[in-house]
Amino acid sequence: MEEGAVITGKKKKKWRLGPSIRGMLFALLILFMCAILGILNLLVPEIAMNALVELRQDKIAAQIQVLRNHVLSENYLTTGTSSLIDTEIDFIGVLYESRVEIIDQNLRIIRDSYVVDEGKVSVTPSVIKCMQSGTVIDYDDEAGTVEYAVQITDDSSGEILGILFVVIRLDDVIQTIGELKESMQLWSLIILLLGGAAAFLITVAAIHPLKKTAESVSLIAEGSLDDELPEQTFKETEAIEEPIRKLLNRLRQLEETRQEFVSNVSHELKTPIASMKVLADSLLLQEDVPPELYREFLSDIVTELDRENEIVTDLLTMVKLDRNHAVMNFEQYNLNDMVEAILKRLRPIAAQKNVELTLESFRPVIAEVDESRLSMAITNLVENAIKYNVIDGRVRVSLNADHRHAYIKVADTGIGIPEEKQAMVFERFYRVDKARSRESGGTGLGLAIAKDVISLHGGEIRLYSREGEGTTFTVQIPLAHAAQEKSQG
């Protein structure tokens, strides 16, 4: 391949191995349906079986009670013959598909509807247990029968005369339950198929908002900040999109700020260059220019060069103050000495407008600061207070502290800042009165630099101003650097 060749083509989609929310949700729904259907297939036949057996027992219990009474009244245990009882036994046997045995107190079978055991001794556990403890009902699910044994007792003496033993076959009940199981299995399969389709549609509908959000975020990540996130109706997706929407708005603000910053920088750098070009062209177009005019024009060019240098210096300062690159040199420093030195440097400037510059120190203040940068920030605040003051005005600087913070207040009696413009004074290159600001000099970066420096110290700067009455800036910074406080803690 030749050097410098460019490979173009559609970017391949990266497939990532990992759990899918849609797959997990679909699997959970299917598992839930399988669990419910499995429980129903186990419980419903069991419940139905118990209900049918109890119903069969309840029905035959009345017939057995009638038969027992007739056995006593007909003295059947003694005579062993009665057409009424024979008829009833045949009726019970046919109606309930059961075997009926009449047993005396010696466990000898007097009457067997199947005939085969008549005259024999019964060793059936249910019969023996009934003789000992009373009525016995024993369900044998393997044989598919219910054994029902009830004592025949003398009503006057309570003596046990015999046992009435009935074996009820449950073939029809078992067949019904089998058909029920088959039907339930078929319906379970149908429900599972329909439920699977419904689960698939549900998961697709549930994931669709996230997919749309992901597509929108991808477009935003590619730089398309004008795209809007889709409106959501689900609380969960709305909760996800809310911080994304805030981030998008923040990115838009940053982009607008960047564009405005570039525009302002271009304008601020271009203005001195344009002025120097006009001055230089004026000299070149004139012949026999007097030396005084040369000196005047060259002096103006130097002034514009100084202004250009000041702008570049402030821009470099702001780059160095970037939070990701700023290197701060925190040391214990006497803020009283720092503020006094600042005012000493600025008094000649204040004297030009006959502005009174005073310092009010309430107590000695020692703080861990980057002295050079904090001094630059406070200098910008005091210098602005002088520049935008009135003739014969006042600038009062006060210094105070509590056990955690130092407070530096710069108050002037100047022109003030309109309320609607106060929120923007810390923006780069922003000027409240552009015409007056150019007359006063400055780059429009002083307050932005001051705010960045104070933020890097972990502090805050607040503004209070009334138009025509003056402006007060209050700076609050920690006495100890955050890293040191953490190590001490």
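**Before you click.** This is a predicted model, in which local features need pLDDT of at least 70 and side-chain atom pairs count only at pLDDT 80 or more, while totals for chains, interfaces and linings use all residues. Residues are numbered from 1 along each chain as its sequence is written, and side-chain values use heavy atoms, with hydrogens and water left out.

**Stop 1: the sheet.** Colour by secondary structure; helices (H or I, at least four residues) and strands (E, at least two) are DSSP runs, numbered from the N terminus. Pick out the open sheet of 5 strands, ordered 2-1-5-4-3 with antiparallel pairing; two strands pair if DSSP finds at least two bridges between them. At its edges sit strand 2 (109–112) and strand 3 (136–140), each pairing on one side only. On average, neighbouring strands here are turned by 15° against each other, direction ignored.

Now zoom in on strand 1 (residues 98–104), which pairs with strand 2 in the antiparallel sense over 3 bridges. Select Ile103 and you'll find its bridge partner, Ile109, in strand 2.

Next, show helix 1 (residues 21–73). It packs on the sheet, touching strand 1, strand 3, strand 4 (145–153) and strand 5 (160–169), and its direction makes about 30° with that of strand 4. Angles run from 0 to 180 degrees between N-to-C directions, and axes are lines fitted to C-alpha atoms, for helices over the stretch in contact. Contact means heavy atoms within 4.5 Å.

**Stop 2: a helix pair.** Select helix 9 (residues 371–387) and helix 11 (residues 446–456), whose axes are 9 Å apart at an angle of about 145°. Show side chains: on helix 9, Arg373, Leu374, Met376, Ala377, Asn380, Leu381 and Asn384 meet Gly446, Leu447, Ile449, Ala450 and Val453 of helix 11. By class, that contact has 8 nonpolar, 3 polar and 1 charged residues. Here Ala, Val, Leu, Ile, Met, Phe, Trp, Tyr, Cys and Pro count as nonpolar, Asp, Glu, Lys and Arg as charged, and the others, Gly among them, as polar.

**Stop 3: His405.** Go to strand 10 (residues 405–412), where His405 is found. Is His405 buried or exposed? It counts as buried, because its relative accessible area is 19% (buried is under 20%, exposed over 50%, partly exposed in between, with a 1.4 Å probe and protein chains only). Leaving aside neighbours within four places in sequence, His405 is in contact with Asn400, Gln476, Ile477, Pro478 and Leu479.

**Stop 4: salt bridges.** The rule is a side-chain nitrogen of Lys or Arg within 4 Å of a carboxyl oxygen of Asp or Glu, and by it the count comes to 15 salt bridges.

- Glu118 with Arg111: the closest N and O atoms are 3.6 Å apart. Glu118 is partly exposed at 34%, while Arg111 is buried at 12%.
- Arg462 with Glu460: the closest N and O atoms are 2.7 Å apart. Arg462 is partly exposed at 43%, and Glu460 is partly exposed at 40%.
- Arg466 with Glu469: the closest N and O atoms are 3.9 Å apart. Arg466 is partly exposed at 46%, whereas Glu469 is exposed at 51%.

Finish by selecting Arg99, Glu101, Asp112, Asp117 and Lys120, which are linked in a network of salt bridges.
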